[in-house]
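Please look over the structure shown here before reading the report that follows.

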Amino acid sequence: VLSFGCSSDDSSTPATEGSSDARVSGEVVVFAAASLTDVFTDIATAFERAEPGVDVSLSFGGSSSLAVSVEEGAPADVLASANNELMQRLADADLLAGGARPFATNAMALAVPIDVDEVTSLRDFERGDLFLGACAAQVPCGQYADELFADADVDAQLDTRAPDVRAVVTLLLAGELDAGIVYTTDVAANADRLRAVPLDVETVAASYPIAVLAESPNPSAADRFVDFVLGDEARAILDEAGFGAP
Amino acid sequence: MTRSSTRPPALLAVLGAVGALLFVLPLVGLLEATPWSKLADLLSDDVVIDALRLSLITSVAATALATLFGVPLAWLLSRTRFRGRSMLQAIVTLPMVLPPVVGGAALLFALGRRGLVGEALDDTTGFVLPFSIWGVILANTFVAMPFLVITVEGALSNIDQRYEGVAAGLGASRLTVFRRVTLPMIAPSLRAGMVLAWARAFGEFGATVTFAGNLQGRTQTLPLAVFVSLDANRDAAIAMSLLMVTVSVVVLVVLRGRWWSGRST
Amino acid sequence: MTRSSTRPPALLAVLGAVGALLFVLPLVGLLEATPWSKLADLLSDDVVIDALRLSLITSVAATALATLFGVPLAWLLSRTRFRGRSMLQAIVTLPMVLPPVVGGAALLFALGRRGLVGEALDDTTGFVLPFSIWGVILANTFVAMPFLVITVEGALSNIDQRYEGVAAGLGASRLTVFRRVTLPMIAPSLRAGMVLAWARAFGEFGATVTFAGNLQGRTQTLPLAVFVSLDANRDAAIAMSLLMVTVSVVVLVVLRGRWWSGRST
Amino acid sequence: MSGATRPGLRAHVVVRRDEFDLDVDLEVAAGETLALLGPNGAGKSTIVDVIAGLADGAVNRSTVRLNDRVLDDASTGVHTAAESRRVGVVFQDHLLFEHLDVVDNVAFGPANRGLSRRRARAVADGWLAALGISELAGRRPSELSGGQAQRVAIARTLAAEPEILLFDEPLAALDVASRVELRRVLRQHLDAFAGPRLLITHDPTDAFVLADRVVVLEAGRVIQVGTPDEIRRHPRTAYVAALAGTNLFTGEADGGTVRLDDHDATLTVAVTTVVGPVLTTVSPTAISLHAERPEGSQRNVWQSTIDLIEPLGDTVRVTLGAPLPVSIDVTPGAVSSLGLAAGSTVWAAIKATEIHVRPV
Amino acid sequence: MSGATRPGLRAHVVVRRDEFDLDVDLEVAAGETLALLGPNGAGKSTIVDVIAGLADGAVNRSTVRLNDRVLDDASTGVHTAAESRRVGVVFQDHLLFEHLDVVDNVAFGPANRGLSRRRARAVADGWLAALGISELAGRRPSELSGGQAQRVAIARTLAAEPEILLFDEPLAALDVASRVELRRVLRQHLDAFAGPRLLITHDPTDAFVLADRVVVLEAGRVIQVGTPDEIRRHPRTAYVAALAGTNLFTGEADGGTVRLDDHDATLTVAVTTVVGPVLTTVSPTAISLHAERPEGSQRNVWQSTIDLIEPLGDTVRVTLGAPLPVSIDVTPGAVSSLGLAAGSTVWAAIKATEIHVRPV
Ligand SMILES: Nc1ncnc2c1ncn2[C@@H]1O[C@H](COP(=O)(O)OP(=O)(O)OP(=O)(O)O)[C@@H](O)[C@H]1O
Ligand SMILES: Nc1ncnc2c1ncn2[C@@H]1O[C@H](COP(=O)(O)OP(=O)(O)OP(=O)(O)O)[C@@H](O)[C@H]1O
Ligand code: MOO
Ligand SMILES: [Mg+2]
Ligand SMILES: [Mg+2]
C-alpha cells in the first residue's frame, strides 16, 4: 500500500525552530483545500490567539482552482492542498519556498446513509441494484477508492465518479446513493446522517501537504503559520475532525 | 434603410471595443495555454469523443425542452393575469442565481430518488432520473430555461399587440393567434433565447454533476470531463475547453448564417 | 387592447404549468431542506453578512460595467459591418459555454499578474486585478455580459430602424440617435438584459473562485460562502442559498413593480 | 327602440378615458351601410375597437348586440372574445402580418374556418383577383406601397366572411384614380354583403357615395344623423357644413334679418316669419363676386379680401376673410376676368332668397 | 440644365429593385413648391428616402445636389449622412417617437441644434401653437388620433429648420375640415420657407393649391411636368386626366373624326387639320345627358348605362359604362328630373366643338 506521499522530506525548517522569539506580524493569506474548511478555520483562530500580531485570511477552494491561482501569481503566503500531485506541479515550477510537508492524512471510508442497512461490505459494490458512487479516477479520492477496490478485489458497479468528493457526499446526504467511498472526515462531519461501514481491508490514506509559497509577501509569518499547523495544538484540532497524523 | 458609409461614433466604438476585449483576451489567453502539439492526441481520446457526443445530445434536448415548456410559460407570464404572477416571474431566475451545485441539490430534493416528486415517480414507474442521461437533460433544462423564458417574455411584451387583435378578429382562436401571429412575430427573440439556452446547457457543469453524476459514456458531458481533468491532466482540460469553444463558435456562426439571415430591418 | 375575460388555451396553460413546475419544485425542495429553527443564527454570522454585502456590491458593479461596455458592443454588432463580426458575435457567448473554472483560468491567462495584459498592467501601474474586489467584479462582468449583449443585440435588430432614420433627418448625430431614440426604444429589452446579467453575476461562482480567490470580507461572495459551507456546514449552505433566492426574488419583484410598470404594448 | 329580433348591429358605445368621453348609440340594420363621419379625435376608431372586442376592458362600458347575439353587456359583464364575434375590420394602418406574404395574409381568415392550406389559398386568390391585386400575391407587406397594403387589408377582411363589416378609413391611402376604382369595388362588396356595414371616413364623397345613412360624431357625441342628402342639405354644425361644401352660420333671426353669432355681420333674408336662434346656410354657388360694388337686386353686399383660392377641377373655390368667411365657387374664367388672387379685394353679394334659415 | 450655383434641389434619382425600376430627374428651385403626383407604387416614397439619405445603399444609384452641396454622387460614391443633409421629411406614417411626449418630439430637432432643453421646448411650443395643437403638448403619440399625429409630425419637421422640405402625403389622414385649415397653415409655412419644397400627394387639390409646378410619376418614370394649370388643361394619360377631373382618351385622328384606341367608338371632332395619334379630352360639364335620344346640333350621341353616381357637393358626377366610360357632371336637379340611377339607361351627347384634340 503506497500513499501518495508528498515529495516531502525536505531538509529545511525544523518545526519548532525559533518560533518563540522573533515577533511576526501582518497578514498571512492561506489558500486551503475546501475539505479543510472547518479545521483550518479553527486552527487560524488558535494561531491568531498565539500570535496576536498576525491576521490570518483564509481562502478555500478546490485543490485544482487553488493550484491554478498560485501558478498565475495569487498573492498568497501558504497553500494547504488535498492533492500531492498538484503540489508537486507547483514545486516543479519553483513556486514553493522550501518544499511541501505533509501535515495530515485522511483515510477512506465506505459511507452509507444511516437508514441504509443493505450495504455491509465493499463486496456490495458489485451489486447492480444499488446506487453507488466514488470520486473520478483522475482525482486523489478516486485513486484511493480504486486502490481500495483493487485490494478487496471488487469490480465496482459505480453510478457516478464525481470530480470531487463533495458531490459524492451531497448524493449520499440526499439519499440518492446507497453507498459511496468518501473520506473519514466527511463521515465525521455528517455523523447525524451518514455512518461508515467497517472495512475488512486496510484503507488507503490520503496525505495533505502544506507549503509556504515562493512569492509569499510575508514569509516569516507564513513560516510561523506552517509550523503551527504542524504543531501540537493544531494536531488536536485535526484529530478531532478525523484527520490522521502524517 | 441602410446607412453603410458612415462611421460609428467614437464613444460607442471605444466602449464597444473594450467590451469586445473582455471576451477576446481570455480567448487569446486560452489559445496561448493550449498544448497545440499534443492537441490531436488529447482530443482523439475515447473519453473526449463520448463526452462530446453526450454534450451535443443533451444540450440540444435541453434546448428543445426549454422551448417546449418555456415559450408557453413566457406567454402565460406576459399575456395572462393571475395571482403570484410577478412572484413566478422572479422565481424563473432561480437557476441563474442559485450556485449550480445548490441548484443540483435542489433538483435532488424535488426530483431525486428520495425527492418530493421523484420518490413517487420511482415507486409507481420505477423510473429514476438521476445517474442517467435524462438526469443530465433535466439539469441542463433547469439551468438553461430561464434564458429562454426571460428573452421570450421580453419580446412578447414588446410586440404590437394589435396584430393579435387583428388575428382574433379574423376568427383565430387564442392558440392559433399564438401559433400563427405571436410566435412568428417574436421569432428573432425566440432564436436568440434558444441560442442562449443552448450555450448555457452546453457549458453546464455544477447542477449536472450533483444531480446526474459523472460516468463516462452515460452522464459525463464535456464540462464534467474538463473539470475531472483539471487536477491530473491540465493539458487535456485546456484542449477540451478549446474544443467546447470551437464547437460553440462553429454552431453559432453556422446558425447565424442560416437562421438569422432572415431577420431584417 | 386587453382581452381580460378570455381563458388561455388549454395546451399553452398545461405546457406553461409544467414549465413553471420545473422552477417551483426545486424551490419547494430547498424550502423543505431548510433548517428553519437555526436559520436566524446561521444567517447572522459575520461571514454571511460580509458575503452578502460583497455580493450585492460586486453584482451591481458588474451589471453596470456590463451595461457600459455591453450596450455599445451590441450596437456595433448589430449596426455596423466589419470583418470578423459574426465571429465576434459567437465569441461573445464564450463565457456561457466555458466551464466557469476554465473561464476563471482564461481570465488569469489574460489579466492575471502573469497574464498577457495583466503583467504589463502590473509592471506599469502596480495595479493587480485578481484576488481583489476588482477581480470579483471583473469575473462577474465576464460571465454576466453575454446575457446583456445578446439580449440588447436582439432588440436592436428588432426595432423599426426607420425611427433612427427620422432622427438623423432631424439633425441628430449617430450618438444622439443612439442615446435619444435607439436606447429608449430598446428600454424593455435593456432592462431584461440587465436583470439577466445581474442575476448571473449574483450567482457566479466558478470564475470568481479561480480568478479572485475566496477571502472572507474581501473576495468571498455568497456563492463562494455557500461552496465553502457545503463541506463542513451543510445547513449553513442551504440557509445561504435560501438567502440568495430571497434577495433575488425581492430585488426582481421590486424592480418589476418600479421599472417594468412602464412597459406596455 | 326596435324589436330585439331585427337583425343588425345595435351598440351603445361608452368609453371613459381621462381626457376623452365617448357615449354613442349606433344602430345599423342588415344590408345597411352607415357612414361614421367626424373630425380627428372624435372617437371613430375607438368605436371600431369596441365593436371588434379590442377595446381596453378597463375603460369600456359598452353594450353591443350583433344580430341575435349579445357581444358585450356592460350591466351583466358579458364579453365575447374577439375571435368569436365575426366582426370584420379594415384598420386605418392596415396591420398586415409582416411574416406572411400577401396571399397568406388573405388566407388567414379562411384557414381559421378550417379550410386546408390549399383551399384557403385558393379562396384568398379569388379575393385578390376581385380586388385587382393578384400580381401582389407573393409579396411581403413591407414590399407594398401604402395603397397596395390597404387593398390587401381589405381583401383579408372580406375573406374572413364576417357578419358585420367595419372600415376605418379604408380608402385614405389610395391615389385618386384607384380611389374611384376601389370605391366601386367596395360598393359592390358592400352591396353584396348581407350584414350591417359601418364605414369610417373623412371623405364626404365616400360617405355620400357608399352610405345609406350618415352619423356625424364630434368629441365623442353624435351631433347629426340622417341620409347623406339630409346631412348635405341641412348641416347642423360648421364641421358638417364644411363636409357638405356649404357655408353655415348660427345667428339670431329677427323677422327678415339674421344677426350672426360669431361674426360682425347681419344678413337680410327672405324669410320673415322666423324669430330667435337659427342656422343659416348659403351654397357656395349662390354667392357672386364682383370687382366693383354691384348694382341690382342683391340685398347683401359687402367688401372683403380673398384668403385662399383653390382650383377644384372645373370650378375654383374662393374663400373670403373678415367680416364673413365664406366659400364661393366660381368658374376659372371668372378668376382671370376679375383678376382674383389671394389678398386682393372684391365685392361679394348674396340674394336674400338664396339664404336658407332654419330655427334651432 | 441650369448653372451649378443656382440654389435648390437637383436630383437624379435612380433605384433599381428586382421588380421596380425608378429613374427620375427632379429639379426644385429655392422658393418653389414642386408637387409629385402618381398612383400607388409609382415610387414617390422611394424618392423621399433617397433625398433624405435613407435609401438602401445597395439599390440606390442616385445623384443629389442641394444648394451648393453634393449630397450623393453615384459616380464618385459620395454619400452624405442623413443627419448632415438638412433634409426635412414628414412621413406618410408619422414615425413619431413613442417614448417622447408631443412637445419633446417637436423639440428633438431644435435640441440637435444645440439649444438647451428649456429653449428647445420653448421653440417646440411655438411650433405647436403655429399648428394649433398646443393642447396636445403633454400627450404620448399613442394617445393621438391619426390626424393629430400627422400634425405633430409636421410640427416636428418644421421645427428642425431644414434646407429643403419633403412632405409624403402630409394631409392624408386629416378630416375634411382640418384639411382645409391645415392646407392653409401648410401654405403659409411653405411660402415662408426659403428653400425648395417637395410635396407628395394623391389629392389633386393639394397639388393645385400648394404647388408651383407638378411632376407626375408613373411606374418609376416622369410622365408629365408642368404648372398645375397646364397639367389640368392638357392631361397626357388617363391617370392625369382622372386627377384633373377630365375625360381623356387616346386615338387616331383622321381629319374630323377620332377613332379611340381602347374603346369601340369614333368621335366627330371640330378640328379637321390633325391626322395621326392624338390625345382627346372632354370636360365632364361638356357632356349632356338625356332620357330620350336628343335632337339638335350635337354630333356625338350614344346610349349607355350608368355605372356610378357620386354626389360631389353641389354637383353630381355620373360615370357611364361601355362603350365609352366618361364622367359627367350634372346638377342634383337633373338627377331627379331624369330619374338617373346606377344601372339605368341614358343618352349622352357631346358637341364636336367641346372635344379637344392634341397630336402626340
Ligand atoms: N390609447 C389611448 N389613450 C388615451 N387616449 C387615447 C388613446 N387612443 C386614442 N385616444 C384619444 O381618444 C380620442 C379618440 O381617438 P380616436 O382614435 O377614436 O379618434 P378618431 O375619430 O378615429 O380620429 P382620426 O380621424 O384622427 O383617426 C382622441 O382624443 C385621442 O387622442
Ligand atoms: N423594401 C422594399 N422592397 C421591395 N420593393 C419595395 C420596397 N418598398 C417599396 N417597394 C416597391 O417599390 C415601388 C415603389 O414604392 P413607393 O413606396 O415608393 O410607392 P409610392 O409611390 O410611395 O406609393 P403610395 O402612394 O402607395 O405610397 C412599389 O412597387 C413597391 O411595391
Ligand atoms: O478538498 Mo478538495 O481539493 O476540493 O477535493
Ligand atoms: Mg381614427
Ligand atoms: Mg408612398
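Which side chain has an N or O atom 2.6 Å from an oxygen atom of ligand 2? In this predicted model, that side chain belongs to E:Thr46.

## The site of ligand 2

Ligand 2 has 21 residues around it, and those that come nearest are D:Arg139, D:Glu143, E:Asn40, E:Ser45 and E:Thr46. Because the surrounding residues come from chains D and E, the site is shared between chains.

Chain E also supplies E:Lys44, whose side chain has an N or O atom 2.8 Å from an oxygen atom of ligand 2, while a polar backbone atom of E:Ala42 is 3.2 Å from an oxygen atom of the ligand.

## The site of ligand 3

Around ligand 3 are A:Ala33, A:Ala34, A:Ser35, A:Gly62, A:Ser63, A:Ala82 and A:Arg166, a shell that divides into three nonpolar residues, three polar and one charged. The side chain of A:Ser35 places an N or O atom 2.5 Å from an oxygen atom of this ligand.

## Helix 1 of chain C

Helix 1 of chain C runs over residues 10-33, and its 24 residues reach 34 Å from the first C-alpha to the last, close to the 34 Å expected at 1.5 Å a residue.

## The annotated domain of chain B

An unreviewed UniProt entry assigns residues 52-255 of chain B the annotation "domain: ABC transmembrane type-1". Over those residues the chain is 79% helix and 0% strand, and the end C-alpha atoms are 19 Å apart.

Technical notes. Residues numbered from 1 in each chain as written. Chains lettered and ligands numbered in written order. Predicted model: local features only at pLDDT ≥ 70, side-chain atom pairs only at ≥ 80, totals over all residues. Heavy atoms only, no water. UniProt positions renumbered as here; feature names shortened; annotations may be inferred. Helix = DSSP H or I, 4+ residues; strand = E, 2+ residues; numbered from the N terminus. Near = heavy atom within 4 Å. Polar contact = N/O pair within 3.5 Å; in protein donor to acceptor, adjacent residues only side chain to side chain. Nonpolar A, V, L, I, M, F, W, Y, C, P; charged D, E, K, R; others polar. Expected span 1.5 Å × (residues − 1).
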